[in-house]
Amino acid sequence: MRKRKWTAVLLSVAMMLTMLPSTAFAKETKAEAWDGKAVDTSWYAEDKTSYEISSADQLAGLSQLVNEGKSFKGKTVSLTDDIDLNNKEWTPIGKSGKTFQGTFDGKNHVISNLSINTPKKNDIGLFGYTSGGAIKNFQVKDATVKGRMCVGVIAGTPHTADYANITVSGKVIVEGYAYVGGACGKNAYGDITNVDITGEAGSYVKAESEQYRTYVGGLVGFMGEGNQTVKDCDVKIDVIGSTCDVGGILGILHYGNTLQNCTYEGSLTITKPDAEDGSEFGALVGTIYNGKDKVSTTIKDCEATVNQATSGGKDVTDTITPHGDFYNKTESGSLEDITIDAIINGSHVAITNAVAKIGNTEYKTLAEAFRAAKSGDTVEILRDVDVKVWNQINNVKNITVKGNGHTLNIAEVESKQNGDYLFYNADGLNVSDVNINFTKSGNGFCMNSGKLENVHMTGAPEQKSNYAVFVGTGSKVEIDNSSFKNFGVAVYSQPTANDKATSDIDVTDSQFTDCKMTICSYAANTVFTGNTVTGSEELSFAAKADAVNKDANVTYVITGNTFKDAGKIWFYGANANDVVFKKNKVTGNTYISTEDAAEGVLDLNYNYWGGNAPSDKQIVDNNDNVSVENSIYYINERMSDKDLNTYVPLDKIILNKTELKLHVNESEKLIAAFVPDNATDKALTWSSSDEKVAIVDENGLVTAKGLGTAEITVTTEDGKTAVCKVTVEKKKDENPSTKPDKPNQPDKPQKPESPKTADNSNVFFYMIMLLAAGAGIIVYAKRRRNWIK
């Protein structure tokens, strides 16, 4: 029966096998592995225009022919089979001076196991150098390519050839010094279409250029300038560069280039970002080389998924941009057209080379933006801008300028009248978060009202910029958290006609460096507080503002400043009683002068003069109409109350009682004495250790609340203490009862506990168990006898 079953099974299997096609058992064909030495050029004939090669030997022959000077210009070489280069050292096809200029058509075949290890040579790849023609239609699988400059799996220097329909896959490692890409290295002046990099885990493109620009991209290191297009390319590989110009797809996109419908996925790293250009680190391209008029440069319909972006060891994944930064600062007035429209880590990003915007309207020049601005508008600066000539903007009203932290480098300002200011006669001008550098000449803001906040200005060399801020007649001009360097006068106002003082001036938390005159204020009310002044010659407050407007309520508040080598501080024509000068640090070549003050008492108490009383060089009193008070000063620049020369430290504190007995609801005041008695700090804090027993108020009055003891502690500002122990006792009854208390009854003897009786149920249980055990022994004995028998 069993034999019949197995016979039937075998027959069934045999029938199934006969139904399979004969190819099911055919041996898989593989490209013959190259030995790294064989070279076959027999396929070449000078008079032919097309060639077919099918082996690694013949591909090596192509390399030899080109490197010997055969350009293949106008000719086509086609691949008819897969090729295995077997990780043997490959010599690139073409080099500088002997380039491949024909068409290479891979016919969708695979070239595998490419290996080049020449870290000191340039133009390194499957192709070393190509010019004209086209490279297309094949796949390179598993490649390790190492060179110095101009390094890529497909071509070190692609130059003017077009590259299309190529895939680099498997384990991909590309290394070089600079101009390094997953597919192509440097000077890509042809179009690149549908060239993909799909590296498996551990794949990377890396360039370590020390102090040199890196130019490294997952696809191409360096795109050449001009109308080249990179489109329909998908890149999946990690990219690592050292200094700058590091991008997921391209190291640099030149003016005139277009990057379209491309994707990137991987991690990006810039190891030692350059101090000036390290921001050229982007998800799609490291930088955009801008600065060419009437040229369009475009990134559109592209997307990047950056797993992690690291700059100098810092994770910047959340802030990485499509293009890193522009290579050149955007110049106001440029006719260049730059458009970036991409999705980065799921967020849509749209950028142009506009320098400013009002609402949603963008402008390519600052002049255009300010000409278009109306009262109430906000002009936003979108990027750093270089301006060759700024034409003065006149009479703006209620305009806000947001600099967004950008820098304006302004060579010259032209007005043809009124002093060459950025803005002249401005009312309600509010400017924030901007850096302004004058490189040749020009002045800052002439304004009647408004505010400068976080505005940092540097005048032209040799103090060719006269004024940073010129204050006219209006309500108030405020300057906060700003800085001014190298101006003739940083802040200036002057009396006007018709007995009007200039606008009030508030200057707070700002820095003045190397300005000949820091401030000259004719304002009725001036606040100058929290500022730092170094390298000045003088500061002038008051300047007869009260003479300009006899009814003005004149005040000059100068507090909390640091004056170091600030020169002369004086109050020309002022009533010294109107000056508040306190908590200032006055050091170096800085002195206060009473010269030309009108009258009054100049109170200079409560300032720091270097640790000692102010010297005659620090206070120059040469005016009989003004008296000076300066006997109180700080001996430490911290300028706390304890740093005053009049401060007397407290040695200890003593209470008039150390023990106190009270009855419930009684009160008594404790009195504290200071040693020494003239100590400066006499503020006290009172506390009780147990407020259920006793409480104490802020004057030391103790009130008993319940029986027991508590400690009343008095504490000074510097932590010294004194303690009084308070005992609250029960008040004795004045009319005690004559009835004696009932004596305690002796305890009754306890009845001894009777012994417990046994539990009958337990006894019965134990008896049953003994009987069962006995029966078991008898049965066992009988069976044992039977076994023995």
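1. Domain bounds here come from an automatic or database domain assignment. With that in mind, the lining of the largest pocket takes at least three residues from each of domain 1 (96-351) and domain 2 (378-610).

2. A word on what you are looking at: this is a predicted model, where local features need pLDDT of at least 70, side-chain atom pairs count only at pLDDT 80 or more, and totals for chains, interfaces and linings use all residues. Residues are numbered from 1 along each chain as its sequence is written, and side-chain values use heavy atoms, with hydrogens and water left out.

3. Back to the largest pocket, whose volume is about 330 Å³. A pocket is an open set of points on a 1 Å grid over the protein atoms alone, with protein on both sides within 12 Å along at least five of seven lines; lining residues have an atom within 4 Å of a point. Of the 17 lining residues, D325, F326, N328, K329 and D384 are the closest to the centre of the pocket. By class, the lining has four nonpolar, six polar and seven charged residues.

4. Now compare the cavity, a set of grid points where a 1.4 Å probe fits but cannot get out. The whole structure has one cavity of 30 Å³ or more, and the largest cavity holds about 70 Å³ of space. Its lining divides into 11 nonpolar, no polar and no charged residues, including W390, L408 and F445. Strand β36 (429-438) gives the most to this lining, with three residues.

5. Next, the nonpolar cores: sets of buried Ala, Val, Leu, Ile, Met, Phe, Trp, Tyr and Cys residues joined through side-chain atoms within 4.5 Å. The largest has 87 residues, of which L59, F104, L219 and L259 touch the most other members. Helix α2 (residues 56-67) gives the most to this core, with six residues. A second, separate core of 74 residues includes I399, I436, F438 and V554.

6. Which residues is L59 in contact with (heavy atoms within 4.5 Å), leaving aside neighbours within four places in sequence? Among them are I53, W90, F104 and L126.

7. Finally, look at L253, in strand β18 (residues 250-254). Buried or exposed? L253 counts as buried because its relative accessibility is 0%, and buried means under 20% relative accessible area (1.4 Å probe, protein chains only). Not counting residues up to four places away in sequence, L253 touches residues including L259, V285 and Y289.

Conventions
Grid points are joined across faces, edges and corners, and a volume is the space filled by probe spheres set on the points. Ala, Val, Leu, Ile, Met, Phe, Trp, Tyr, Cys and Pro count as nonpolar, Asp, Glu, Lys and Arg as charged, and the others, Gly among them, as polar. Buried means under 20% relative accessible area, exposed over 50%, partly exposed in between (1.4 Å probe, protein chains only). Helices (H or I, at least four residues) and strands (E, at least two) are DSSP runs, numbered from the N terminus. Contact means heavy atoms within 4.5 Å.
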